[in-house]
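Dear colleague,

Please find below the structure I am handing over to you. A summary of the findings follows it.

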Amino acid sequence: MIRYQLVCARDHEFEGWFSNSAAFDDQVKHGLVICPHCGLQDVSKAPMAPSIARRETSSKNQREIVEVLREARNHILKSSENVGDKFAEEARKIHREEVEPRSIYGNATADEADSLQDEGVDFHPLPVLPEDHN
Ligand SMILES: [Zn+2]
């Protein structure tokens with residue numbers, strides 16, 4: 001079976017399943033393919049542009065993912081304290097319960113991040129957004 005995207009003379013789009021392309025031609029010739037929207041028998045295959053469709057889909061998904069990440073990050077930024085370059089120091093203090101537990105964010109070098117991880121300090125990198133690279 002193959003699926004065709006079909007369009008009638010009034011521009012209604014619908015899908016049809018056919019055992020092969022010859023069966024489609026044959027059924028159209030005999031007026032057996034009918035538009036489900038208006039009953040027209042004047043039906044043809046809709047022009048397809050699969051590569052364009054796929055590209056649009058993936059860039060749309062990418063935009064949605066970026067939106068989700070941006071929201072997540074905004075939430076973190078709003079509910080946390082910016083400790084800037086003291087992130088490692090502050091995260092360590094919170095981990096050792098030397099200060100009140102709170103949400104913080106800030107900058108850490110790769111070395112600092114490594115040693116925090118070794119000490120079992122729980123932290124997460126902020127989501128990276130496309131504009132961060134600008
Ligand atoms: Zn129609």
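Which residue in strand 3 does Leu6 stand opposite? In this predicted model, the residue that Leu6 faces in strand 3 is Lys45. In strand 2, Leu6 stands opposite Phe14. A further pair links Val7 with Ser44, its bridge partner in strand 3.

These pairs belong to an open sheet of three strands, whose order is 2-1-3 and whose pairing is antiparallel. Strand 2 (13–18) and strand 3 (43–45) are at the edges and have a single partner strand each, so one side of each is left without a neighbour in the sheet. From one strand to the next, the twist averages 45°.

As to the pairings themselves, strand 1 and strand 2 run antiparallel and share six bridges. They form a hairpin with four residues between them. In that turn, Asp11 has a positive phi of about 70°. Strand 1 (residues 2–8) is also joined to strand 3 by three bridges, again in the antiparallel sense. In general, the strands of a sheet pair through backbone hydrogen bonds, either parallel or antiparallel.

Helix 1 (residues 21–29) packs on the sheet and touches strand 1, strand 2 and strand 3. The direction of helix 1 makes about 120° with that of strand 2.

Finally, a word on the chain as a whole. The domain assignment divides out domain 1 (2–45) and domain 2 (80–127). Between the C-alpha centres of domain 1 and domain 2 there are 63 Å.

With kind regards

Methods. Residues numbered from 1 in each chain as written. Predicted model: local features only at pLDDT ≥ 70, side-chain atom pairs only at ≥ 80, totals over all residues. Pairing = 2+ DSSP bridges. Helix = DSSP H or I, 4+ residues; strand = E, 2+ residues; numbered from the N terminus. Axes fitted to C-alpha atoms, helices over the stretch in contact; angles between N-to-C directions. Contact = placed C-beta atoms within 7 Å. Domains from an automatic or database assignment.
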